Amino acid sequence: MMTDEEPQATEAMKQTLQREAQAWVVRLGSQQATEADGQAFRRWCARSRDHAQAFVQAREVWQAMAPAAQRVRQQEVREAARRLAVPGRRAFLGGAVAASVAYLTVSPPLALWPSVAEWGDDYRTVTGEQREVAMGDGVVLQMNTQTRINLRRGAAPEPAGEAIELVSGEAEVLAGGSTSARITVAAGAGTVSATRARFNIRHFDGEVCVTCLAGQVDVAQGTQQVRLDEGRQLRYGAAGLGVATAVDTAAVIAWRRRQLVFDQVPLSQVVAEVNRYRHGRLILTSEALGRSRVQASFSIDRLDDVALLVRDVYGAELTQLPGGIVLLGAANA
């Protein structure tokens, strides 16, 4: 009988195999591969049929979608390698970053695999993963997909103390401990704090969106501060604090039910959101198509339906590539 841990272990091994295959594709195409590299690669491929197949798929994806990265100047590659280098070519697959893969480690094409900047986070979820983290004193984090969180080392559990940093992603925070304990989440250029409350917080590309789900939360940026009541939402970013508005909280936290809900949202935004949950990548090749409005809901466990919806409703041309990459473009006239 298969346990719950076994499918997770299998998926983890699959992702490891994919990362190794991606590294070999770049290494062998760098024009810097040595005879020893070639021998090591042949031994790697001979380990199983899955190894060989993973390399074929990784090579097809790279050839189709990453020509720009292949043209990266050697100087850029060498500089990235110098910053990240670990001595010893033999450690290539064991964790060292060879010159030929350094650039891709820092800046993966199409965000198809995690960058090196994510390796040191205290808590991180991968594509499609959701995770609960109990912080103590009644504070619980529900982390959504592709979320990065760091703990503020040495922060005291006082009203002004910052205990958590949401580096990027989305989380639902429950602060249900004693009235003297105050949880503070730093995100972007501001902070969100509460004593007994529940709130959802998103942080992407410098913009933060906070939704109060229960109780009250304080949102601060610089000298500005706003208190949000239940059912109110506020955004902040480079332009400062926005205006608090009423929202449908059920739609905001639909991800907790493994649903994505869109109400007259541009298709470009729908695709960007879906890509956070889905392995591979949906890519819009038509700006006009991206401006189309979408009103729909999708199960997170069936996100291939999105590409089919775009094809059927908007008459888009759908091109499928290896690695779960799908191009969505305007149909030929």
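Me: What is the accessible surface of the protein chain, and how much of that surface belongs to carbon and sulfur atoms?
Reply: The surface is about 18,000 Å², with 49% belonging to carbon and sulfur atoms; such areas come from the Shrake-Rupley method with a 1.4 Å probe, and for residues only the protein chains shown count as cover. This is a predicted model, where local features need pLDDT of at least 70, side-chain atom pairs count only at pLDDT 80 or more, and totals for chains, interfaces and linings use all residues. Residues are numbered from 1 along each chain as its sequence is written, and side-chain values use heavy atoms, leaving out hydrogens and water.

Me: What makes Arg202 and Glu170 a salt bridge?
Reply: Happy to show you! A salt bridge needs a side-chain nitrogen of Lys or Arg within 4 Å of a carboxyl oxygen of Asp or Glu. Arg202 and Glu170 have N to O at 3.2 Å, so the pair qualifies.

Me: Why is Glu170 called buried?
Reply: Buried means under 20% relative accessible area, exposed over 50%, and partly exposed in between (1.4 Å probe, protein chains only). Glu170 has 1%, so it counts as buried.

Me: And why is Arg202 called partly exposed?
Reply: Its relative accessible area is 22%, so Arg202 falls in the in-between class.

Me: How do you know that Asp301 and Arg258 form a salt bridge?
Reply: Their N to O distance is 2.8 Å, so this pair meets the cut-off too.

Me: What makes Asp301 exposed?
Reply: Asp301 has 54% relative accessibility, so it counts as exposed.
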